Amino acid sequence: VVTTGPSPQAAGDPTPVVAAVDVGGTRVKAALVDRELAAVVSLTLATPAALGEPGRLVEAMALVVEQLATRAGQEGAGVDVVGCGVVVPGLVDEERGVAVLSANLGWRDLDVAEPLARRLGLRTVLGHDVRAGLLAERAVGAAAGADHALFVPVGTGIAGALMLEGHVLHVDGWAGELGHVVVEPGGPVCGCGARGCLEAVASAAAVERDYAALAGVHLSAEGVASRVEAGEPAAAAVWGRAVEALARAVAMTVTLTGVDLVLVGGGLAQSGRTLLDPLTCQVDSALTFQRRPRIVRAALGDRAGCLGAACLGWGVVR
Ligand SMILES: [Zn+2]
């Protein structure tokens, strides 16, 4: 085992690692990750601007991977980078290695995997941040041992990933758009153009918007959660609307797919029981004959995407 630290004389063979990069709306999280999914070195950077321009994303990712290698050298970690996994949000075609669409990051049909592989001289794979995150949760997180699971990170937006019979569903990049299931017909307008999508009702951004409208004060979703815990009626009303919408979406998914595990992640899940207790209760009462899912908090937090990228990376080098 090679440890990170200032002693480069640590002898022995270099540790094989993959470079894993998770490109988010505001931050890029990257790490060199060993076979056991432990990060040997990691980096967090602000997401570079204009990633949608031709060649930008590939060049930015290549620089991040080089920075990781440099950092490993500085820390005296003997590593051998054997592959690379990159995950991005939005619509992703894993098969072709193309980032099809991200409204947030402003790209359309970016060819990533192949040009990056050429640039780095490494086997490289492109994946979807949430689907990859579910792979990581299954490997070393809260979905260990599960065969069927729904992973719903509830943050600024709401995404979803489904694992059924041990397989995370891709469906040409179209599977899992739980955030755009309509839970309140005629409800608030969503970024996608529809009304009443789950994301427009129950995301952290929606909770913040509703609380500001009702209480006249702008608070983070976390702040609203602590007012819920303190028993404030306005906060409870806003929270209740979000929980009800989430419960509806979870109950639909359970009915349609039979998943018996639901992992809730993202910023809203940080409130723990304040979200999970009423959610579990409402899903329970919405279901009749269906198998009750276990509803738990995702374990990996904001590392899920990066570790998921590592799972994908190891998948192509093995
Ligand atoms: Zn929508």
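In what order do the five strands of the open sheet run? I read the order as S11-S10-S9-S12-S13, with mixed pairing. For the labels, I took helices (H or I, at least four residues) and strands (E, at least two) as DSSP runs, numbered from the N terminus; two strands pair if DSSP finds at least two bridges between them.

A note on the source: this is a predicted model, where local features need pLDDT of at least 70, side-chain atom pairs count only at pLDDT 80 or more, and totals for chains, interfaces and linings use all residues. Residues are numbered from 1 along each chain as its sequence is written, and side-chain values use heavy atoms, leaving out hydrogens and water.

S13 pairs with strand S12 (residues 261–265) in the parallel sense over four bridges. I also noted that Val-264 has Arg-297 in S13 as its bridge partner.

Then I turned to helix H2 (residues 113–120). Which of its residues are buried? I listed Ala-113, Pro-115, Leu-116 and Leu-120, with buried meaning under 20% relative accessible area (1.4 Å probe, protein chains only). Seen down the axis of H2, they fall within an arc of 170°, so they line one face of the helix; the arc is that of the directions from the helix axis to the C-beta atoms. They pack against helix H1 (56–74) and strands S4 (79–88), S7 (107–111) and S8 (123–128), contact being heavy atoms within 4.5 Å.

Last entry: Gly-121 follows H2, and its phi is positive, near 65°.

Definitions and conventions. Buried < 20%, exposed > 50% of the residue type's maximum accessible area, 1.4 Å probe, protein only.
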